[in-house]
Amino acid sequence: MALRGVWKLKKLVVSYCDWGGSSRGIRAFMQSDLPAFKEDNPQLEVVSELNLGRHPFLKALYKNKNERVVCVRNLTPENVLQHATRLRNALGRKVVKLKTRHVTKHPSVQGTWTPDTKFEC
């Protein structure tokens, strides 16, 4: 994804095995969809890496020095393309777990409303 006009994904590493059955989908992706993906994303450096006897994965390296690794074992070429597109569109930030469901800059002084609130007249 581009934030303020700058793409955050710097490098995409495609790792696969040339004889393993779990790499069948990523090998088909590299022959059919990867050239078009490279052509559509000239700002992105795409590197293919041969790992013998290992399951295939996509590794995304972002400009903020974070990296994400997605396993693409036994996936179809369409699903591999979908994962590559999601990695390209991500900002590379770490996932932060929210402490509450209700997030606001100005919390209510009276508290949040719940269905169990009792009103006395």
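This is a predicted model: local features need pLDDT of at least 70, side-chain atom pairs count only at pLDDT 80 or more; totals for chains, interfaces and linings use all residues.
Q: Is G53 buried or exposed?
A: A residue counts as exposed when its relative accessible area is over 50%. The relative accessible area of G53 is 57%, so G53 is exposed.

Q: How far apart in space are G53 and S23, C-alpha to C-alpha?
A: In sequence, 30 residues separate G53 and S23. In space, C-alpha to C-alpha, the separation of G53 and S23 is 9.8 Å.

Q: In what order do the elements of the protein chain run from the N terminus on?
A: The protein chain has three helices and six strands. From the N terminus on, these elements run β-β-β-α-α-β-β-β-α.

Q: What is the radius of gyration of the protein chain?
A: The C-alpha atoms of the protein chain fill a box of roughly 75 × 35 × 20 Å along the principal axes. For a compact globule of 121 residues, a radius of gyration near 14 Å would apply. The protein chain instead has 21 Å.

Q: Which residues of the largest nonpolar core touch the most other members?
A: This core has 20 residues. Strand 3, helix 1, helix 2, strand 5 and helix 3 each give two or more residues to the core, and the largest share, four residues, comes from strand 3. The residues that touch the most other members are L12, I26, L58 and L87.

Q: Why do the buried residues of helix 3 lie on the same side?
A: The buried residues of helix 3 are P77, V80, A84, L87 and R88. They lie on the same side of helix 3 because the arc they cover around the axis is only 100 degrees.

Q: Which exposed residues does the face of helix 3 turned away from its buried side carry?
A: The buried residues of helix 3 pack against strand 2, strand 3, helix 1, helix 2, strand 5 and strand 6. The face turned away from that buried side carries the exposed residues E78 and R86.

Q: What arc do the buried residues of helix 1 cover around the axis?
A: In helix 1, G25, I26, F29 and M30 are buried. They are on the same side of helix 1, because the arc they cover is only 140 degrees.

Q: Which elements are included in what covers the buried residues of helix 1?
A: The face of helix 1 turned away from its buried side carries the exposed residues R24 and Q31. The cover over the buried residues includes strand 3, helix 2, strand 4, strand 5 and helix 3.

Q: Which backbone oxygen does the side chain of N66 reach at 2.7 Å?
A: N66 is found in the loop between strand 5 and strand 6. With a relative accessible area of 18%, N66 is buried. At 2.7 Å, the side chain of N66 reaches the backbone oxygen of G92.

Notes. Residues are numbered from 1 along each chain as its sequence is written. Side-chain values use heavy atoms; hydrogens and water are left out. Buried means under 20% relative accessible area, exposed over 50%, partly exposed in between (1.4 Å probe, protein chains only). The arc is that of the directions from the helix axis to the C-beta atoms. Contact means heavy atoms within 4.5 Å. A nonpolar core is a set of buried Ala, Val, Leu, Ile, Met, Phe, Trp, Tyr and Cys residues joined through side-chain atoms within 4.5 Å. A polar contact is a pair of N or O atoms within 3.5 Å; within protein, one must be able to donate a hydrogen and the other to accept it, and residues adjacent in sequence count only if both atoms are side-chain atoms. The radius of gyration is taken over C-alpha atoms; the globule rule is 2.2 Å times the number of residues to the power 0.38.
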